[in-house]
Structures are given as structure tokens and as C-alpha cells.
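Look at the sequence and the structure below before reading on. The report then covers aromatic pairs, a helix and a ligand site.

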Amino acid sequence: MEVILTKTYDDMSNAAAQEIARQIRKKPNSVIGLATGSTPLGTYKELIRLHKDEGLDFSKVITFNLDEYLGLSPTHKESYNFFMWDNLFKHVNINPENVHVPQGLVEDAEEFCHWYEDEIKKAGGIDLQLLGIGSDGHIGFNEPGSSFGSRTRVKTLDEQTIKDNARFFDSIDEVPHFAITMGVGTILEARKIVLVASGDNKAPVCVQFIEGPLTSQVTASALQLHPQAIVILDEKASVQLKRKKYYNWIRDNKHTVKKYLDR
Ligand code: F6R
């Protein structure tokens, strides 16, 4: 796991946007997995700027979102479908046919989950998956206890997640209790993973999943098993890390390693 320590929320967002932009420039028809929530908003803002100012081309990009609340229509203002169009898709030249967000109003959710997994496979798998992290350590909506082998399915939200997400709704009673989410196993199959975390409230969980034991009680710790996982934190989210010095040492010596490898 590569840990990148940045100072501010904007630095974190720009670093994550650069990772995504690099992937799209290298492979214009990249399959990108996307997340919602407050944390990636700055990353999406920077991707929009890169599109407008530097011509970052989304025309061949294929996207798969991690999750959606069960029971919300795509036009509901708190649905993740609405969020993605509002905060990214409508501002870039993405082909709507290449956009995949789980649907919250499906008749047969189980069948839909199988279809979603098949669509990811048909697209050739996810090249880069962007993730946020919940204060209970979830990635996607894989709440504590989710198997590391889990696939796209319906998940019951944890009480903590319902409380955390109530800020987006008029009242806590309106927060859905179920969601469709890619599984931890689905996420781990992405060829590259970029997780962003920001703010004091994420500091305790960041030290747990980066430096703590591998446990399904903190599903983000599964990233320790991934060969290409990059974690980008702002200063507030990183305050409890014990090995900060080492992470910065790696950053500062990257060019030296490269020289060795190039010899
Ligand atoms: C959203 C998602 C969630 C969020 C997490 C953090 O698609 O998959 O795992 O990334 O709940 O949300 P924020 O960024 O709002 O703290």
C-alpha cells in the first residue's frame, strides 16, 4: 500500500485527480470505478478543470459506481445517480451509454447485482477504482463484517453510516437502510485502487486500516492485500499514523529508487 500524505483537502483532491487523469491519458478507454460522498467532490472538481482547461478526454471512458441506496430513484436528489451527474458527468464529455451506477429502484435486486458484475467483466474489469472511507471503515457500503470475498449485493447499512449520512437528508428517518454495493472482492479485482480520506473524523479509522490488522471489521484493511493500492490523506486524516516518517521518506527517495532501477 502506498501512503501519500498531503497537507490540505485540495492537495489530496488534486493528487487523486492526477492519478485518474494519468490513467485516462495512458488508456483513453479506461474503466474507472467511482465513489460518491463528500470526500471525492474536490477530485471531481479538479477532473472537470482538467477536462475544460487541458482537454482531458472522457469520450471513451467507461465508469462503474460503487453503490446506490436501495429505494431511491435516479432523479432523487440524494441518490448517487443524481450526485454523479450533478458533480461530474454533466460537466465532461462522457458518453452516457458508458456510465454505470447501480439502480435503486429495481424489481429484482439480486438479478441486478449479477448483471452489474457481468457488465464489469464484459468491460474488461476495472482499471482504477476510486474509494472514500466511512468512519466505520467501510469501502463502498461494505459495512464491518463484510467478507473480503463479497460481491455486488444488497447490504444493510450500519447505524453509524445512517447517522453519518443523515446530514444529506432532511431527517435521519429519510436515510435508506439498504444499499446495492460492489463487494470487497469486486473492489479488490480492480487493477489499481486510489482511496482518499480527509478530516479529523477519519483519523482513527485511517490508522486502523493502514497500520492495523487485516480484519473484516474494518473492510478498508482489505486494501493491504492489493498489489497496487494508493491511499491519499490530508493532514487531518493522517495525524494518528505512526509511520509517517517512513511514508515521507519513500516519497522523497522515489527518484533515487528509479535511478537504481533504470541502471
Ligand atoms: C460512496 C461510498 C462510501 C463513502 C464513504 C465516505 O459511494 O462508497 O463508502 O466513500 O461513506 O463518505 P464521505 O466521503 O461522505 O465521508
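## Buried rings

A residue counts as buried when its relative accessible area is under 20%. The model is predicted. Phe64 has a relative accessible area of 0% and is therefore buried. Tyr116 also counts as buried, because its relative accessibility is 0%.

## Aromatic pairs

A pair of aromatic rings is described by the distance of the centres and the angle of the planes. Rings pair if their centres lie within 6.5 Å, and by this rule there are 9 aromatic pairs. One of them joins Phe64 and Tyr116, with 5.6 Å from centre to centre and 80 degrees between the planes, and is edge-to-face. Phe64 belongs to strand β3 (residues 62-65) and Tyr116 to helix α4 (residues 109-122), so this pair ties together parts that are 52 residues apart in sequence. Phe64 and Tyr116 also form one aromatic cluster with Phe112 and Trp115.

How are the planes of Tyr69 and Phe141 arranged? They lie at 40 degrees, with the ring centres 5.7 Å apart, so the pair is tilted. This pair links distant parts of the chain: Tyr69 is in strand β4 (residues 67-69), and Phe141 is in the loop between β6 and β7 (153-156), 72 residues apart. Tyr69 is buried, with a relative accessible area of 1%. Phe141 counts as buried at 3% relative accessibility.

## Helix α1

Helix α1 covers residues 9-26, which is 18 residues. At 1.5 Å a residue it should span 26 Å, and its end C-alpha atoms are 26 Å apart, so the two values agree.

Which residues of α1 are buried? They are Met12, Ser13, Ala16, Ala17, Glu19, Ile20, Ala21, Gln23 and Ile24. An α-helix has 3.6 residues a turn, so residues three or four places apart point the same way.

## The ligand site

How many residues surround the ligand? There are 14, and the closest are Thr39, Asp67, His138, Gly140 and Lys202.

Taken alone, the ligand exposes 410 Å², and the protein buries 94% of that.

Methods. Residues are numbered from 1 along each chain as its sequence is written. This is a predicted model: local features need pLDDT of at least 70, side-chain atom pairs count only at pLDDT 80 or more; totals for chains, interfaces and linings use all residues. Side-chain values use heavy atoms; hydrogens and water are left out. Helices (H or I, at least four residues) and strands (E, at least two) are DSSP runs, numbered from the N terminus. The expected span of a helix is 1.5 Å times one less than its number of residues. Buried means under 20% relative accessible area, exposed over 50%, partly exposed in between (1.4 Å probe, protein chains only). A residue is near a molecule or strand if one of its heavy atoms lies within 4 Å of it. Accessible areas come from the Shrake-Rupley method with a 1.4 Å probe; for residues, only the protein chains shown count as cover. Rings of Phe, Tyr and Trp (its six-membered ring) pair if their centres lie within 6.5 Å; planes under 30 degrees apart count as stacked, over 60 as edge-to-face and the rest as tilted.
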